Amino acid sequence: MTRILVRAGKHPATVLSHEQSLSTSRLGVFGSNSGNMLFYSAVFRALSVPDAELVANSYVHERPVHLGRYIARTNEEFDRFVLPMANSYRDTFLPHLERLAKVIEKLTIPVTVVGIGAQLPYGTEFDSLPDEYKRIVTRFTRAVLDRSASIGVRGEYTARMLKYLGFGDEHVRVIGCPSMFGNGPLGPLVRKVGHLRYDSPLAISYTPKVKGVDRLVEANTDRYPNSVIVPQQHHRLALMLWGENPAKVGNKRMPIHTEHPLYENDRMRFFVDASTWVEFMAEQHFAFGTRIHGNVAAVLAGTPAVVLAHDSRTVELAEYHGIPYRLYADLPPDVDAQRLYEEADFDAFLPRQVPTFETYLRFLEHNDLEHVFQPGKENPAYDKAIASANFPGPVHTLMASDAVGRRQVMSRLRWLRQGHDGDLARPAYDFEPPFREPRGYKSLEERVTQLEKELKVQQTFLASWRGRVSRVLRMNGTSTGARR
């Protein structure tokens, strides 16, 4: 059986509670952005042929601890390392990218990168790239290509950047984002209603650092009371689960704190599994916003979406996959969802699906990766495992007033309490009644009795070993005499 290590937070069939999904890692099980779940889940499904075992690496190869041991185990235990990646050619990811490069340089197994992209300000010229950026991107890309036939990038912009750095078309394949290909070619995007209504359910994605996005969210959540926002960062999951506010809220209009009306009215939804996210998006009339994977989740569900592009990665992915997009800088910051819905060309989406899917399959095969879309490699057991898994639904805020929200709050309370034993071990808010011996206190008689018991155990242990040693000595004496 082929064993493949996959860069992912967890196996898509593994069920974790909302609380576990945040606590399992400082950045959440999904690696800081829940959008990562969409593309690594799609890669898992594509490569889960019946005679392969896929294991999630929990992102350990890009963290600065135990790397030597992880490298050794990867070489010893696996036949291949597959890395579904995102906008990893970006300045804030460079330290992680260089650690990955160091790891890959020491691997002796094939390594395949699926869907990496550049994130640069829209219109950036490559001759203005910082030297450190070019050095690390080059090192990582070269390490990968030394162990694979080609590297899969998200779009033409990233391919042009790598060509500028010296990597030609024979080694760089434009494949888009694997999140679009988990279940084969997608169907058309069809408007569910002729016009958005006042009560239409809408899903809005947002990137807090994008200028004007607070006005986009505020205007459209006011216009459409059945709309919700769908955050993706692990900080927002902590906010929704535990009411954990940022250390500083620079813009009170941004829905990133507990006093925001969208938090107080439970109009935020967070997802810790790809399948529940897509199921939710199927119920929406329309999705839009600045997050590429917030809109990918919608089109995977057949829901019309418009990307509000604000950098190179969102533009190149939307163009490659035929997802309708607008440059957010060219629009009023508070643009009405109805305008986006009316002006979008959803007909351009369908013609892109089959050719991009076939390109993706050719990339997998070029790198000797078997996939479930090959004849005889189907794996219905994988789909059955996903369908039967009892995943938690969308996360609600602490202010939720319906039955689902209250049950989630109870779940969080149980997670915090962890039973009476957990209470006894709690260091904070401890209380000692005035007329009771301190917890854990024992009288002199009790301590003497306890010590006597422990002494008896030790004496029994020593007697046992004394007997063993005596037998060994006798056997050695007999053996020595026999040889003489």
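Helix 2 gives the most to the lining of the second largest pocket, with six residues. The model is predicted: local features need pLDDT of at least 70, side-chain atom pairs count only at pLDDT 80 or more, and totals for chains, interfaces and linings use all residues. Residues are numbered from 1 along each chain as its sequence is written, and side-chain values use heavy atoms, with hydrogens and water left out.

**Second largest pocket**
- The second largest pocket holds about 540 Å³ of space.
- Its lining has 27 residues, and Ser41, Asn183, Ala274, Ser275 and Ile386 are the closest to its centre.
- Two or more lining residues come from each of helix 2 (36-47), helix 10 (274-281) and helix 15.
- The lining comprises 15 nonpolar, seven polar and five charged residues.

**Histidine 396**
- Histidine 396 sits in the loop between helix 15 (380-388) and helix 16 (403-417); helices are DSSP runs of H or I with at least four residues, and strands are E runs of at least two, numbered from the N terminus.
- Histidine 396 counts as buried because its relative accessibility is 5%, where buried means under 20% relative accessible area with a 1.4 Å probe and protein chains only.
- Leaving out residues up to four places away in sequence, histidine 396 touches Met240, Asp266, Met268, Arg269, Asp402, Val404, Gly405, Gln408 and Arg412 (contact means heavy atoms within 4.5 Å).

**Annotated span**
- An unreviewed UniProt entry lists residues 33-312 as "domain: Polysaccharide pyruvyl transferase"; such annotations may be inferred rather than shown by experiment.
- Residues 33-312 are 36% helix and 13% strand, and the end C-alpha atoms lie 18 Å apart.

**Terms for the pocket**
- A pocket is an open set of points on a 1 Å grid over the protein atoms alone, where a 1.4 Å probe fits, with protein on both sides within 12 Å along at least five of seven lines; lining residues have an atom within 4 Å of a point.
- Volume is the space filled by probe spheres set on the points, which are joined across faces, edges and corners.
- Nonpolar covers Ala, Val, Leu, Ile, Met, Phe, Trp, Tyr, Cys and Pro, charged covers Asp, Glu, Lys and Arg, and polar covers the others, Gly among them.

How values were computed
Buried < 20%, exposed > 50% of the residue type's maximum accessible area, 1.4 Å probe, protein only.
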